[in-house]
Amino acid sequence: MLAVFQNKNMVMCTNFICEIISRIVKVGVIVFPGSNCDRDMFHVLTDVFHLNAQYFWHEKGLPHDIDAVVLPGGFSYGDRLRAGVIAANSPIIDDVKKLANKGIPILGVCNGFQILVESNLLPGVLLKNDSLNFMCQWTNLIVKNNKTPFTNKLQLNQKIPIPIANGEGRYYADAQLMHDLKNNNQIVFTYQNYVNGSVQQIAGLCNEDGNVVGMMPHPERAAEGVINPIDNIPSSLIFESLIHTIGVKN
Amino acid sequence: MSLQKHETKYIKDTIKRELTKTELQIVAAEWSEHCSYKSSKKHLKMLPTTGKNIIFEKGYDSGVLDVGDGYVVTVHIESHNHPSAVEPYGGAATGVGGVIRDILSAGTRPIAILDGLRFGNVENDAHARWLFKNVVSGIADYGNCLGIPTISGEVEFDDCYKNYALVDVAAIGFGKKDRLIKNHASKGDLVVLIGGPTGRDGIGGSQFASDSLKSEDRSAVQIPDPFIEKLIIETILEARDEKCINAMKDLGGGGLSCAISETAESLGIGIELDIDSVHTREPGLLPDEIMISESQERMLIITCKKKLSKLKQICDKFGVTCSTIGQVKGDKMMHVKKGKNTLALLPAEFVARAPLLDRKKIKPKYLKQIKKENKAKKTLYYTKTILKLLSSPNITSKHWVFRQYDHEVGIRTVVKPGFDASVLRLDNGKFLSAKIDGNPKHCYLDPRQGAIGCFEEACRNVVCTGANPIGMVDHLQFGNPEDPEIFWTFMESLEGLTEYAKFLRIPCAGGKVSFYNETPSGPIKPTPLIGVLGIIDKTPFLSVSPINGDSLIIIGKTNDELGGSEYFEYIHKFIGGVCPSVDFKDSKINMLTVLSLIKNKLVKSVHDCSKGGFAIAVSELSIFGNIGCNIDINKIPSVKNLSPEKKLFSESHSRYLLVIDQKNLVHVKQFLSKKKISFAVLGKFSGDQINITYKSKKLVKITVDILQKRYFNGLEDLLKHG
């Protein structure tokens, strides 16, 4: 299919196919060199929640009428320089920014969150965990904003058992930014207990408009009963929220 | 260079001319113990390697097991002991990288890593702590970046590893059977090298690993780059789907020399390569250096001419460098050129097949001097002893380690690390259970029984998850094989493993031998490490914590076998006595019984008795279930007049603890009686403390929260201050 796109003699055909694809494709999963949760996210979107998802390699553009975009976790560019910073300068990020401005739901998980922060789609920074180690463990999140496209099926203060897996997941914002985040209701998730030194236990946040959400924990690792030893319903609701938002009927 | 006299003579007699400098380097690398298995190859044939699940293809570096529905699981195990002892971070990381590429070279996606780590005494040796911390970081940083979960493993400390480290890494792959690479090549096919550039790191690494560790030879240690490895994984899997790969081999020990000669030999082809075409990290590398460099993250691919452009396109997409370095010839020769000049021209078979050795073996003198048990002290304070054992480095929770590993990525991990075996879900609805086990303390006292015990323990762990063992991998680690006493211990272990594998009909899917594991103060204890894979056909067995009123049953007999136990070695600092041995018949029937209890949903959870014996196994059930229990150990089935000390701490094999719901108790008892196996109902779970009595005498009384504190904080407390 991609070969067809590249053939200049088939512009007509390409446009036609693009249109069909854009009608079919609902959720784009962006793949950077070193992404490693892309396949997990794709599996959950398609096999579990029956969404139409498609991978987009970081050098390709995103269709302008896509319904939602997910930046999955992993180690884009091997976390060189700083987690997410090189990927934030990938060609595809320009398209993500355009879609973000249009209000399209965009979710960044783990490394995806780091990329959103590095590309200034979300404010603040993510620092090395205060344990100075990579941390893979189950935590409990508390929902602090249930108005975003990824939390609108959750209750305020609902608890979400979910695993984290990161080395640079400690969110930091200075006093002024913290003030703004609170005023704008931008804090989406906090950890129930102390985890890694994140300021005010922040685990996830959104932009001012609320359509761009970043979170360090992995909802794709907690949405299925077979791999979630505690309770997979709350994490499922993150995906159900997206379905509710973009209007896809199961 | 490490060629022996008889090898030089063999070269002269066969080739009938002096070898060139490059040829000598190539042969020395390939004929190192590490690459050629010259001491062990003759004997390894005894292991059963066929079975209904085993798929064999020429040139595979990993074992392939058929798991049904058109899917396969691949498995391999490697160690990186010498490099890790010198440079723990890089040594351990590249150890992961190497075994992952072995899985990849069969055409399967790596889905899990397991690691077995061994160090000196971390309690009093800062160097051992430094090695331990950096090895864990090396594995974490590499595996996490690849997105391959490290799902299980073990960590052990023993004085015999002082100033040394054993870093064993096993990897598991998964894929479709029809996408396996069927290694083949025809005249005119191209030889392509993809991945990282060749540099001066890892020069002579395999020879370095084939000698005792005398000096710190840092240039022999390779430099890790997990990002390139991740790109290689995706490149290869895409190239596999596009059918661009006729044959494939990873570059490991011996670098290009081994990859070229072994590929040519196994496929019965000749390979001509031009050293100038190899992409290098820096200019000015000597041809000999290029041939034996063990720079990481490189794969050798044989592709046909018409697929080359597609292969290059895929490499370009991922930004992976790819060089066409040679082509396939029909002459079965390994021909290394630099431009027009020939540097080496040798029959591939000659290079790939080192003359094998018949090493002498003699029963070691130390075995006759092992102390009798009656010299060991006796314990009267059982409560204190249990608490001390629970916080001892070998028994205490290893969550400090496995929390640094991403064990969830890939979203297959159904049973997480920390208890018995870990379980992964597969795409065909089945589940794969995996565990590795070693026990140098037992193996030192009896290399044969110790090795069988490791095998049984790995099987037990897999059985505890409800899985049927379908294959094993072994990693046999010993000292200098030129010492007949050490070679004897190797042969004993190998024979024991063979005997047990044949009895249980568990085929050996692959393995590895590592000799010359010598520390400045002598050889390591014999350390065979056994990995077992099991399959669960339908639903995974998820253990349920015991609740008030549930019963505890023990299956299996406890024997007078305190030798090599944590109780003797850690509490009494006593090395001696008789180590546990496996009764094959009991082993099999106990395993089958546990499996059928699980299948019939008659048990809530199953835990095996191993390190620390019954006392620790029952404590762990209470710790994880957060509930106390009242136990009478007089009922533990055992040989006559076994002291309470032995009932509590003997590490006899084939024993399982079962948690039974009150409503199933009668049924389970009838079932076990019918099977005619040794078992006993020992008591019930309730309250918040463990009470252990013996002939109505109270031996142990501890509250569960104290147990938990000791168990979960032991390692962290130890490492907190450097």
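How many residues does the contact take from chain A and from chain B? The contact takes 21 residues from chain A and 23 from chain B, two residues being in contact if their C-beta atoms, placed from the backbone, lie within 7 Å. The model is predicted, so that local features need pLDDT of at least 70 and side-chain atom pairs count only at pLDDT 80 or more, while totals for chains, interfaces and linings use all residues. Residues are numbered from 1 along each chain as its sequence is written, and chains are lettered from A and ligands numbered from 1 in the order in which they are written.

**View 1. The side of chain A that touches chain B.** Helix H3 (38-48), strand S6 (135-143) and strand S7 of chain A each give two or more residues to this side, helices (H or I, at least four residues) and strands (E, at least two) being DSSP runs numbered from the N terminus. The largest share, three residues, comes from S6(A).

**View 2. The open sheet of chain A.** Nine strands follow the order S2-S1-S3-S4-S11-S10-S9-S6-S7 with mixed pairing, where two strands pair if DSSP finds at least two bridges between them. Strand S2 (53-57) and strand S7 (159-166) of chain A are the edge strands, each pairing on one side only. Within the sheet, strand S9 (residues 187-191) and strand S10 (residues 202-206) of chain A pair in the antiparallel sense over three bridges, and Ile187(A) has Leu205(A) in S10(A) as its bridge partner. Helix H4 (residues 91-101) of chain A packs on the sheet, and its direction makes about 130 degrees with that of S4(A); axes are lines fitted to C-alpha atoms, for helices over the stretch in contact, and angles run from 0 to 180 degrees between N-to-C directions.

**View 3. The largest nonpolar core.** This core has 299 residues, and those with the most contacts inside it are Val69(A), Ala112(B), Phe455(B) and Leu658(B); a nonpolar core is a set of buried Ala, Val, Leu, Ile, Met, Phe, Trp, Tyr and Cys residues joined through C-beta atoms within 7 Å, and a residue is buried if 20 or more other C-beta atoms lie within 10 Å of its own. Helix H7 (residues 126-146) of chain B gives the most to the core, with ten residues. Not counting residues up to four places away in sequence, Val69(A) touches several residues, including Gly28(A), Ile30(A), Leu62(A) and Val96(A).

**View 4. Chain B.** Chain B has 25 helices and 28 strands, and 62% of its 722 residues count as buried.

Key. A residue is buried if 20 or more other C-beta atoms lie within 10 Å of its own, exposed if 12 or fewer, and partly exposed in between; C-beta atoms are placed from the backbone.
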